[in-house]
Amino acid sequence: MTHSLSRRSFILSAGTAAAATIAGSTAHGFAANETINVACIGTGGRCRALMRSLAQIEKVRIAAVCDVWDVHLAEGKKLADPKARESKNWKETLALKDIDAVLIGTPDHWHVPLTVAACEAKKDVYVEKPLTHDLTEGKAVVEAQNRHERIVQVGTQQRSMPHIIKAKELVKAGRIGKLVKVRMSWNRNSDRVRRNKLGVDPKSVDWPTFLGGAKKQEFDEYRFRNWRWFWDFGGGIFTDLMVHWVDVAHWIAEVDHPEKAVSLGEFNTAAEVWETPDTVQT
């Protein structure tokens with residue numbers, strides 16, 4: 001999603017490189033050589049991986065960090081500018097007038113609300129995938145981006161992997177003939193299903209804010225730290241891993257959506273702990 005008002009650019013990269021280029025003037029109309037101030041919201045592990053790469057980009061300053069958990073807030077502050085503002089309240093962060101762009105690394109159910117709010121606050125956005133937690137949210141976030149003329153990029157960074165780029169080049173050049181089927185798989189040998197004591201102090205977490213629009217429920221440290229596997233906050237393996245490869249298949253095949261889709265999920269190891277299936281097919 002792009003608009004044509006820009007001259008400046010900032011690049012976000014992580015791991016193999018999730019890159020977003022914003023060309024042009026931002027909401028404040030700064031000159032091309034001025035520093036871009038970025039706020040990072042949801043400074044957990046994934047966000048901090050992005051922050052480490054972002055900090056290496058010239059003319060970019062991590063000027064604010066925000067998280068509902070004291071531990072992640074402190075870890076994020078270590079990677080930010082020494083004078084960066086910190087807050088557990090995302091509204092305070094978006095209200096900062098000198099912030100040009102926002103990096104959103106929160107659980108899935110906060111992606112659209114924060115992206116819409118950031119657009120309304122005249123900030124450009126890099127938001128981790130999946131963009132939506134529910135398909136019904138799609139229209140609102142696209143309308144917000146268009147109405148406020150913001151740049152919004154979603155972090156499906158497998159498109160930046162050199163071997164994926166090479167595959168696209170080979171397919172486009174006709175090197176494999178007619179493309180009739182794409183098969184993708186991702187096998188993860190993980191011990192995430194153990195419900196061990198994690199030692200999270202409930203007093204260190206703004207649990208009501210974490211819940212957001214999800215149903216009210218008592219604090220649960222496992223759900224807090226493993227939110228992907230619960231429908232209130234994530235979409236399980238479908239939106240954790242599958243979204244990456246479906247995106248790559250669409251990109252290489254030069255299509256933007258399936259005409260129909262069928263998904264199957266089953267439990268092999270996590271039935272007693274997860275809500276979302278631990279083995280999936282689409």
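**Notebook: backbone exceptions and helix pairs**

I started with Lys59, which is found in the loop between helix H1 (45-54) and strand E2 (60-66). Helices (H or I, at least four residues) and strands (E, at least two) are DSSP runs, numbered from the N terminus. The model is predicted, so I kept to its thresholds: local features need pLDDT of at least 70, side-chain atom pairs count only at pLDDT 80 or more, and totals for chains, interfaces and linings use all residues. Residues are numbered from 1 along each chain as its sequence is written, and side-chain values use heavy atoms, with hydrogens and water left out.

**Entry: backbone**

I looked up phi of Lys59 and found a value near 70°, which is positive in a residue other than glycine. Lys59 counts as partly exposed, at 44% relative accessibility. The cut-offs for relative accessible area are under 20% for buried, over 50% for exposed and in between for partly exposed (1.4 Å probe, protein chains only).

I found another positive phi at Glu149, near 50°. Glu149 is in the loop between H5 and strand E6 (152-155), and is partly exposed at 42% relative accessible area.

I then checked the peptide bond from Lys129 to Pro130, which is cis, with omega near -10°. Pro130 sits in the loop between strand E5 (124-128) and helix H5 (138-147). I noted these cases because most residues other than glycine have a negative phi, and most peptide bonds are trans.

**Entry: helix pairs**

For each pair I looked up the angle and the distance, since two packed helices are described by the angle between their axes and the distance between the axes. Axes are lines fitted to C-alpha atoms, for helices over the stretch in contact, and angles run from 0 to 180 degrees between N-to-C directions.

I took H1 and helix H2 (residues 70-79), whose axes come within 10 Å and cross at roughly 10°. Arg48, Met51 and Arg52 in H1 meet His72, Glu75, Gly76 and Leu79 in H2; contact means heavy atoms within 4.5 Å. By class, I noted two nonpolar, two polar and three charged residues in this contact.

I also listed the buried residues of H1: Cys47, Arg48, Leu50, Met51, Ser53 and Leu54. Their cover includes strand E1 (36-41), E2, H2, strand E4 (101-104) and E5.

Next I checked helix H4 (residues 111-120) with H5: the axes come within 9 Å and cross at roughly 15°. H4 is therefore roughly parallel to H5. Val112, Thr115, Val116, Cys119 and Glu120 of H4 make the contact with Ala140, Val141, Ala144, Gln145 and Arg147 of H5. The classes here are six nonpolar, two polar and two charged residues.

Helix H6 (residues 162-172) packs on helix H9 (residues 237-253) at an angle of about 30°, and the axes are 9 Å apart. H6 and H9 are therefore roughly parallel to each other. From H6, Ile164, Ile165, Ala167, Lys168 and Val171 meet Trp245, Val248, Trp251 and Ile252 in H9. I noted eight nonpolar, no polar and one charged residues in the contact of H6 with H9.

**Entry: whole chain**

Of its 282 residues, 48% count as buried.

Key. Parallel < 35°, antiparallel > 145°, perpendicular 65-115°, else oblique. Nonpolar A, V, L, I, M, F, W, Y, C, P; charged D, E, K, R; others polar.
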